[in-house]
Amino acid sequence: MTAVRTEESDAGLQLLILNARIATHDPLRYNIGVRDGIIVSMTSNDVDPAPAHTVLDADGRWVIPGAIDTHSHINQRAFEYDHLPGLGPDDNFAVESQGALAGGCTTALNYAQFGSASLLAAYRDGLAAAGAQSRMNVLFHGYLMDMNHVEEIPQAVEEGLTTFKMFMPYRGEEARNLGGIGSLNHAQMRDAFAAIVASGAQALVHAEDGDIVDASMQRESALGLDSLAGWERSRPTVAEGDAAWTAMYLAEEAGCDVTIVHVSSLEAIRARDAVGFAGSALESCVHYMVLSTESDIGPEGKVAPPLRDPELAEQITQAVLAGKIDFFGSDHNVWPAATKQEWESSKPGLPGIGLMLPLLLTHLVYERGMSMEQAILLTSRNAAVRFGLDRKGAVALGMEADLVVLEEGERQIKVGELHTAVDYSPYDGMTLRAWPLATICGGTVVYQDGEFPHDDFRGELLNNRFRR
Ligand SMILES: [Zn+2]
């Protein structure tokens, strides 16, 4: 097996990838030429290639689009750990974006840092941090936690925000523990959907019904929360169904496109089928398929919505295979293991931006027989279309050269090899069947064989494309 090789010369193309296997039924191997970050040539590998500054020989390996993670929380810090390497304001974006690239993810749709203060201030801070540090492309999502944020929508859209997330579950003490997350009631959601559509933006909703979650959590707390099964009972699937149904209904009434994020059950899928709103989309996460309440990870496995029982995890897999989910987010959180020690106080959230693509490919393509073409829709193309990044998510002429060269085989996940500042992984010890050998962002080789060449590379701040 030949390793990917790099040659540096100054002429012609920016990058040439030789002998690439691409996701068509075509058995040919292609030479892919890149100039100014765009794929400008694709020739069969018996044609003499043009000279290039950098040459990678994929040697027949898959070359697929870099993943677009539609849901990450880089720089949503646990402030008491800011002093630890990689977890502070000056390095979290740098470290976590490298971890993402090592896992083949070239674009993160990342949430501006939550809080009840100004959304615009949080967004501008996020742009500054990502601009200074991020090695990957970043598109920020905004959020609406109270009606002051709703009033900020027109100015935020002027400045390039195109997506606004609302929360339905978090109230009282739970909201305070999560850094001041606020939820909107149904009347406020109506106003928010109207304001979003008036500005030409779209909505995202964390759909778990606050009334049901509140009552269920109190009941489980009284019994003594001590297992992932108990945590699951405290946020039952009916809460997701109820909320997803309401969110899609209200969004349709307002004529506002809405994505239900991190779908964890069949209830949200049933709600979409029933409401039938063409402007709705469903995002899910790989952890709802490959982890469950039976995973031996203790309170580190707390996440909201919760991991479900193994039977439901299998049903989610079947729904994904049947095309019921549109795209995936990692819901990557950067809270260290120290915040995940006790059942009651443990913060909900899992790390995983650097494992999303390898785990999805392993689970869906290598273990369940999904085609690579279908996997590319789920890991990049559908999200690109949904969020206005039309030239991402395909290996074709005229597309942006965010690419991954895949290695196939068997490799065990080890926390220490993940290039992240987060010191645990719920996937530790699991076996991957495919992972990136090299990752290319905007035509630059930003990850190769465990190394990050071009450390001065910075990804694109994609919101700038949408400034008015
Ligand atoms: Zn999230």
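Modeller: Let's begin with a rule: the expected span of a helix is 1.5 Å times one less than its number of residues. Helices (H or I, at least four residues) and strands (E, at least two) are DSSP runs, numbered from the N terminus. This is a predicted model, where local features need pLDDT of at least 70, side-chain atom pairs count only at pLDDT 80 or more, and totals for chains, interfaces and linings use all residues. Residues are numbered from 1 along each chain as its sequence is written.

Biologist: How do you know that the span of helix 2 agrees with what it should be?

Modeller: Helix 2 (residues 119-133) has 15 residues, so it should span 21 Å, and its end C-alpha atoms are 21 Å apart. The two values agree.

Biologist: Which residues of helix 2 are buried, and what makes them count as that?

Modeller: A residue is buried if 20 or more other C-beta atoms lie within 10 Å of its own (exposed if 12 or fewer, partly exposed in between), with C-beta atoms placed from the backbone. L119, Y123, G126, A129, A130 and Q133 pass that test. Seen down the axis of helix 2, they fall within an arc of 130°, so they line one face of the helix. That arc is taken from the directions from the helix axis to the C-beta atoms.

Biologist: What covers the buried residues of helix 2?

Modeller: The cover includes helix 1 (92-102), strand 9 (137-144), helix 3 (147-151) and helix 4 (153-158). Contact here needs C-beta atoms, placed from the backbone, within 7 Å.

Biologist: Why are strand 8 and strand 9 called a pair?

Modeller: Two strands pair if DSSP finds at least two bridges between them. Strand 8 (residues 105-111) and strand 9 run parallel and are joined by five bridges, so they qualify.

Biologist: What about strand 15 and strand 16: parallel or antiparallel?

Modeller: Strand 15 (residues 403-412) and strand 16 (residues 431-441) are antiparallel, with eight bridges. L403 has I440 in strand 16 as its bridge partner. Both strands belong to an open sheet of four, ordered 6-15-16-17.

Definitions and conventions
Contact = placed C-beta atoms within 7 Å.
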